[in-house]
Amino acid sequence: MPTSMETLLEVKNLKKHFPVSSSIPFKKSNQSVKAVDGVNFNVYSGETLGVVGESGCGKSTMARLINQLIKPTDGVVTFKNKNLVEMDAEMLRSTRKKIQMVFQDPYASLDPRLKVGQLIAEPLVIHKVETKESRRKRVEELLEIVGLNKRFADRYPHEFSGGQRQRINIARALALNPELIICDEPVSALDVSVQAQVINLLKQLQDQFQLTYIFISHDLNVVRYMCDRIAVMYLGKIVEIGTYEEIYSNPQHPYTKALFSAIPKKNPFEQKERIILKGTVPSPLNPPSGCHFHERCPVAMDICKAKAPKAITTENTHQASCHLVH
Ligand SMILES: Nc1ncnc2c1ncn2[C@@H]1O[C@H](COP(=O)(O)OP(=O)(O)OP(=O)(O)O)[C@@H](O)[C@H]1O
Ligand SMILES: [Mg+2]
C-alpha cells in the first residue's frame, strides 16, 4: 500500500448505457444495456486497485470509460484534478499519454504485419515524441526493461510466445512514461508459470517507475498477490471496496462473501463454508429493481427489492452497498 493517499484518479457516478436497436424497423428502442451503472471510487498514487466480479458485470466497459476509449452516458472521470469527460480532443490526447492499457489477449493486441520495434515505437510516433534515431534507442531500452533482448525489435510478433507478447504489450504501454496503467485480465490467457513471471514484472515496474495500476482479474489469488485494494463489481455497480485484508477477512456484502468463500482458506483450521449462489447473473438489459443482487441474495429483505442501497463506510477505507450494512 502506498504511504501517501494522494488521489490520482477519481470516478464519480460513471455510467455507460449502450442503446439497443429496436426489433421493429424505424422504431427507436428505449431499452439500453446498463453495462456500468453509477460507479464511484478513487485510485491513489502508487497503489494497485483490483477489480473483480463475474463475467459481464462491466469491468472492461469501466476500463474503457476511464481512458475515454468510449464516452460515458453520465459521470465524471478526474485524472490529476482534471475531468477527462469534458476535455477537448487535443487536451485529451496529451492526458491519455499518462493512462495506458494492457489487454487480455496478447495475440490479438499486436498487429502481425508490424515488427516488434515498430509496435513499441507506435505510441512515440503517434504522439510525435523523439526523433527516428532516438526512438530506436528508446525501443531497445524498453525491450530490456521488460526483460527481452533488444535484437527482438526486428522480429515479428508471431515469433514469440504468449508471455513474451505480453511483455511487448507492456513495453508499448510504458513507451510514453504513463502514470496509470489499466490492466484488463493481463495474465488470464497465459500458462500459470508464465502468469507468475508477468505479474512479477508488473510489480517490479511499479516500483521502478512509481506506477499506479487498475488491475482487472477474475482470479482472486492473482488479485490477492497483486492488489492493495479491491473493488467488487456486480451488474454495473461496485458493491464493496476496501483493502484486500478488509475484504478478505471481513466481507460485508453477501455477493463478496460468496465470491471470497470460493478461495482456499489461509489457515486450514479456519471454519469457512463455500457459499454457492442461486441462478445466473441477470441481464444488464433489464437489471432487477432496488439492489441488483436481491434475486440471488440468500439474506434479501423486502427493502432490497424496492430501494438501491447506498455505499456505507464500515471501517477506514472499507465501504459496502447493502441494506444490512450500517
Ligand atoms: N458495445 C456494446 N454494446 C452493447 N452492449 C455491450 C457493449 N460492450 C459491452 N456490452 C455489454 O455490457 C456488459 C458488460 O460487458 P463487459 O465487457 O464490460 O464485462 P466484463 O465484466 O469485462 O466481462 P468479462 O469478465 O467477460 O470480460 C455485458 O452485458 C456486455 O454484453
Ligand atoms: Mg472484460
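Me: How far is a polar side-chain atom of Ser 60 from an oxygen atom of ligand 1?
Reply: This is a predicted model: local features need pLDDT of at least 70, side-chain atom pairs count only at pLDDT 80 or more, and totals for chains, interfaces and linings use all residues. Side-chain values use heavy atoms, without hydrogens and water; residues are numbered from 1 along each chain as its sequence is written, with chains lettered from A and ligands numbered from 1 in the order in which they are written. A polar contact here is a pair of N or O atoms within 3.5 Å. For Ser 60 and ligand 1 the separation is 2.8 Å.

Me: How much of the accessible area of ligand 1 does the protein cover?
Reply: Areas come from the Shrake-Rupley method with a 1.4 Å probe. On its own, ligand 1 has 650 Å² of accessible area. The protein covers 62%.

Me: Which residue has a backbone N or O atom 2.8 Å from an oxygen atom of ligand 1?
Reply: Cys 57 has a polar backbone atom 3.2 Å from a ligand 1 oxygen. The 2.8 Å backbone distance belongs to Gly 56.

Me: Which element gives the most residues to the shell around ligand 1?
Reply: Helices are DSSP runs of H or I, at least four residues, and strands are runs of E, at least two. Strand S2 (32-44) and helix H1 (59-66) each supply at least two shell residues. The top contributor, with 4 residues, is H1.

Me: How are H5 and H6 oriented to each other?
Reply: Axes are lines fitted to C-alpha atoms over the stretch in contact, with angles from 0 to 180 degrees between N-to-C directions. Helix H5 (residues 162-174) and helix H6 (residues 192-209) pack at about 20°, axes 10 Å apart. Angles under 35 degrees count as roughly parallel. H5 and H6 are therefore roughly parallel.

Technical notes. Polar contact = N/O pair within 3.5 Å; in protein donor to acceptor, adjacent residues only side chain to side chain. Parallel < 35°, antiparallel > 145°, perpendicular 65-115°, else oblique.
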